[in-house]
Amino acid sequence: MATGELNPNHYPAQRAAKVVQHYLNTRYGSPYRLFGLQRVHSGNAEDVADSGRKYQLEISVQEMIGNTTEKCSAEVFFAREEQHRSVEVQALCKDILKIDTKAQEEAFYQQCKMNQSLLSAQNLPDSNGHIEPDMKPLWHLGTVASSFVMLNQSTENTLYNMAQVANITQLPTENDQLKFDCHILLHEMVSQEIVHWKLLFTWSPVGGVKVPHMEQLPHCHDCERSTNTN
C-alpha cells in the first residue's frame, strides 16, 4: 500500500473516503438525510507502527436529499487484518450535519405509527432505476441501515456501494421505535460481487437508526455469516 500523498482519484483514497460516507450515515442519516461522497480533494496515508494505516482526507460530502455540499476533513484508521478491529473514523463537517429535517421526520414517524397496515416495498430502485416518491423514505432508511454493514465490513481492500433494497417490511412498533426487516444488495466494487444481507433495524426521530442484527445471506450452504451488534 502506498504511503504519503495519494492520488485522490485512485482506489486507496477513494476507499478511505467512502468509509467516511458510511460513517456519516450511521451517525446522522435518516429518512430525510442521506450523505454521499461527491469528491476527494486530497489524501495522505501513513503507517502507524505495527498497528495499521491512517488516512487523512479532504473531501466534499453531499447531503443528497437537500442537494447541499460541504468540504469536510476526515481521518480514517484501518487496523491490520489480524487485529480484527473495525475501521475508526473521525470527520469534521460544520454545516451539512446541522440541516434541520425534524418536521419531515416527525411527520413520517407519525404516519408509520398510525397506518392501519404496515409498510412494505420491493426492488428499490427497480430495474429502470425508478423509485416511487412515497417509497423514497424507505429507500433512504434501507440505505442508512446498509451503511452499518458497509462500515463494519470495510477494509483497505474493499469498496462498497449500496445497490438495492430488495425488500423492506415494517414490523409492529416496539418501545416507540419503528422496526423493519430488510434484505439489501451491496456491490463490492473491487471483486465486482453482489453481496446479500438481511437486516433487522429500528428508527425513530429521537433514537435514529439502530441495527441490532445483520446477517450475510449465503451463496452456498457453508457460507453463512451472522453478526449481532447488540
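This report walks through the cysteines, pockets and nonpolar cores of a predicted model.

## Before we start

Because the model is predicted, local features need pLDDT of at least 70 and side-chain atom pairs count only at pLDDT 80 or more, while totals for chains, interfaces and linings use all residues. Residues are numbered from 1 along each chain as its sequence is written, and side-chain values use heavy atoms, with hydrogens and water left out.

Helices (H or I, at least four residues) and strands (E, at least two) are DSSP runs, numbered from the N terminus.

## The cysteines

Let's begin with sulfur. A disulfide is a pair of cysteine sulfur atoms within 2.5 Å, and a search of the whole structure turns up one. Its partners are Cys72 and Cys93, with an S to S distance of 2.2 Å. Cys72 sits in strand E4 (residues 68–79) and Cys93 in the loop between strand E5 (88–92) and helix H2 (102–114), so the bond ties together parts that are 21 residues apart in sequence. The link is right-handed, with 125° about the S-S bond.

Are Cys72 and Cys93 buried or exposed? Both are buried, where buried means under 20% relative accessible area, exposed over 50%, and partly exposed in between (1.4 Å probe, protein chains only). Cys112, in contrast, is in no disulfide; its nearest cysteine sulfur belongs to Cys182, 14 Å away. Cys112 is buried, with a relative accessible area of 2%. Cys182 is in no disulfide either, and it is buried at 1%.

## Two pockets

Now for the open spaces. On a 1 Å grid over the protein atoms alone, a pocket is an open set of points where a 1.4 Å probe fits, with protein on both sides within 12 Å along at least five of seven lines; lining residues have an atom within 4 Å of a point. Grid points are joined across faces, edges and corners, and a volume is the space filled by probe spheres set on the points.

The largest pocket holds about 430 Å³. Its lining has 18 residues, and Ala79, Arg80, Glu81, Ser154 and Thr155 lie nearest the centre. Strand E3 (52–63), E4 and helix H3 (136–153) each supply at least two residues of this lining. By class, the lining has three nonpolar, nine polar and six charged residues. Here Ala, Val, Leu, Ile, Met, Phe, Trp, Tyr, Cys and Pro count as nonpolar, Asp, Glu, Lys and Arg as charged, and the others, Gly among them, as polar.

The second largest pocket has a volume of about 300 Å³. It is lined by 21 residues, with Tyr28, Arg33, Glu105, Pro205 and Gly208 closest to its centre. Which element gives the most to the lining of the second largest pocket? That is H1, with four residues.

## The nonpolar cores

A nonpolar core is a set of buried Ala, Val, Leu, Ile, Met, Phe, Trp, Tyr and Cys residues joined through side-chain atoms within 4.5 Å. The largest one has 33 residues, of which Leu124, Leu138, Ile168, Ile184, Leu199 and Phe201 touch the most other members. H3 provides the largest share of this core, seven residues.

Take a look at Phe201. Beyond its neighbours within four places in sequence, its contacts (heavy atoms within 4.5 Å) include Leu141, Ile168, Phe180, Cys182 and Val211. Another core, of 25 residues, lies apart from the largest one, and among its members are Leu6, Phe35, Ile59 and Leu97.
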